[in-house]
Amino acid sequence: MPKYVALTYTADVDWSDPQYADQMKDWIEFGEAAKAVIRGGDALYPTATATTVRTSGKGGEVISSDGPYAETKEALTGFYLLECADLDEAIQTAAKIPAAWTGAVEVRPVIDFGS
Amino acid sequence: MEAGDAVAQLVREEGTRVLATLVRVTGSIDLAEEATQDAVVRALESWPRVGVPDNPRGWLTVTAKRRAIDLIRRESRRPEKEAAAVSMIEPVPEPPEVVRDDLLRLVFTCCHPSLATETQVALALRTLGGLSTAEVARGLLVSEATMTKRLTRAKQKIAQARIPYRVPPADELPDRLSGVAATVYLIFNEGYAAGTGSELARVPLTAEAIRLARLLVVLMPDEPTALGLLALLLLQDSRRATRVDEAGRVVLLADQDRSRWDERAIKEGVELVGTGLRRTSSRPNAYVVEAAIAACHALAPSYDATDWDAVISWYDVLLTIRDSPVARLNRAAAIAERDGPSEGLAIVDAIDGLAAYPWWHATRAELLHRLNQPEAARDAYDRALALDLSRPQADHLRRRLSELG
């Protein structure tokens with residue numbers, strides 16, 4: 001079955017902060033409800049903790065810089081790996097991720113190099 | 001020549017159905033297109049010479065399937081697909097119910113909500129309408145290269161993101177069908193209004209939209225959305241010959257020569273409205289109601305004899321199911337005809353959210369004109385003309401503006 005990654009875009013918050021404990025309930029509920037198709041995923045610390053890494057070509061000098069590549073209103077704050085029958089099932093699943101309610105979820109098909 | 005045209009017409013009609021079946025059997029739109037195209041070319045070569053076979057669709061299907069197998073065999077890296085291909089050599093063509101379902105699947109795949117609207121329009125014209133990429137490009141006023149790119153990306157997305165080749169389940173069907181209808185309506189409008197182009201009506205796109213709407217009715221004869229959509233398009237198109245004069249000037253509904261309206265289209269449209277209303281259970285369907293409004297105009301012997309009460313009450317029904325500022329504006333215009341310009345203007349002025357819509361300004365201008373307020377009317381015409389209009393429409397407004405003196 002095809003795999004999809006659901007990238008969750010929300011306000012750029014620290015999910016580990018206790019003030020979000022209430023909201024986490026919704027995420028846990030989703031995780032339970034979608035158990036059959038979830039193959040992995042995690043929440044991410046806010047973009048303030050991000051480091052962008054480049055090198056000057058292969059094996060070149062490492063240039064790390066603070067923060068994400070681009071600043072936007074909604075930030076990438078987590079992801080799921082889903083295994084679904086088709087895009088319709090992936091969309092239906094993504095619609096139940098709490099991020100979709102107030103932010104957005106980007107669903108991307110995963111390339112299967114095995115076939 | 002006529003026999004050749006009939007063959008071409010038949011091949012095109014059947015080609016869409018054969019394509020739909022091939023997409024299901026091969027699981028690839030690209031492969032299905034190539035195989036079907038090959039079968040179509042062969043049919044166009046041989047049928048005019050040796051005659052049309054007894055079962056043209058069967059002939060095309062078998063020829064296309066054989067071609068698909070050849071194409072798959074050439075791609076040697078795909079043993080799995082080849083096995084599937086070999087197993088599909090069923091010389092017996094699909095029964096009509098299967099072909100009908102295949103075509104429905106194709107409809108819903110081309111109009112999948114995960115595809116951009118402009119992509120849906122292009123795919124519908126290309127695969128369901130059977131137009132060539134060049135014809136689609138010309139119809140939508142983009143270059144052939146742009147259209148090729150758009151179609152290629154769309155087919156890639158369908159394949160890579162696994163947009164299912166399936167008729168949506170009953171609980172999703174109404175929403176998905178209204179998405180399909182919106183796409184077909186957009187195609188019609190593209191041809192009807194021709195955006196900012198210089199021609200008011202590009203006939204082929206309106207004809208293509210009617211053809212697609214007719215296909216939806218054949219596939220879903222009990223769906224009010226399909227019935228209402230076809231009715232609406234036929235009724236609007238029935239006035240095509242009278243919408244512009246010989247000089248290319250816009251002729252308003254009030255001034256159109258009703259004897260030149262297409263009676264056959266009106267008759268069919270009105271009958272479809274009746275069927276659509278009977279098929280409607282509790283909640284009326286927006287397309288059926290819009291078609292009912294169009295039918296009121298189509299059946300009126302003259303503009304003055306229009307049954308404005310009926311028009312307004314249909315608009316009232318429409319607002320209860322699909323409230324929109326544009327529907328409110330049209331209702332206000334009908335009120336102005338029935339009750340007078342000042343009553344109409346009061347409602348028009350109270351509609352929010354149409355500042356960027358040229359016809360809101362144009363309607364205000366017209367009503368102010370009738371109320372003998374030339375300064376305010378001039379201002380409103382200017383505002384309308386500053387917005388996006390086709391040239392004949394803009395010319396019409398400029399003429400009205402000049403009549404203000």
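Reader: Which residues does Val288(B) touch, not counting residues up to four places away in sequence?

Author: Quick housekeeping before we zoom in. This is a predicted model, where local features need pLDDT of at least 70, side-chain atom pairs count only at pLDDT 80 or more, and totals for chains, interfaces and linings use all residues. Residues are numbered from 1 along each chain as its sequence is written, while chains are lettered from A and ligands numbered from 1 in the order in which they are written.

Now to your residue. Leaving out residues up to four places away in sequence, Val288(B) touches Pro224(B), Leu227(B), Gly228(B), Val273(B), Gly276(B), Leu277(B) and Thr280(B). Here, two residues are in contact if their C-beta atoms, placed from the backbone, lie within 7 Å. You'll find Val288(B) in helix H13, residues 286-299 of chain B; helices are DSSP runs of H or I with at least four residues, strands are runs of E with at least two, and both are numbered from the N terminus.

Is Val288(B) buried or exposed? Val288(B) counts as buried, because it has 28 C-beta neighbours inside 10 Å. (Buried takes 20 or more other C-beta atoms within 10 Å of the residue's own, exposed 12 or fewer, and partly exposed is in between, with C-beta atoms placed from the backbone.) Also check out Ala226(B): it sits 62 residues from Val288(B) along the chain, yet their C-alpha atoms are separated by 8.9 Å.

Let's zoom out to the rest of chain B. Chain B has 19 helices and zero strands. Its radius of gyration is 24 Å, close to the 22 Å that the globule rule gives for 405 residues, so chain B is as compact as a globular protein of that length. (That radius is taken over C-alpha atoms, and the rule is 2.2 Å times the number of residues to the power 0.38.) Along the principal axes, the C-alpha atoms of chain B fill a box of roughly 80 × 45 × 45 Å.

Finally, chain B has a neighbour: six of its residues are in contact with six residues of chain A. By class, chain B's side of that meeting has three nonpolar, two polar and one charged residues. (Ala, Val, Leu, Ile, Met, Phe, Trp, Tyr, Cys and Pro count as nonpolar, Asp, Glu, Lys and Arg as charged, and the others, Gly among them, as polar.)
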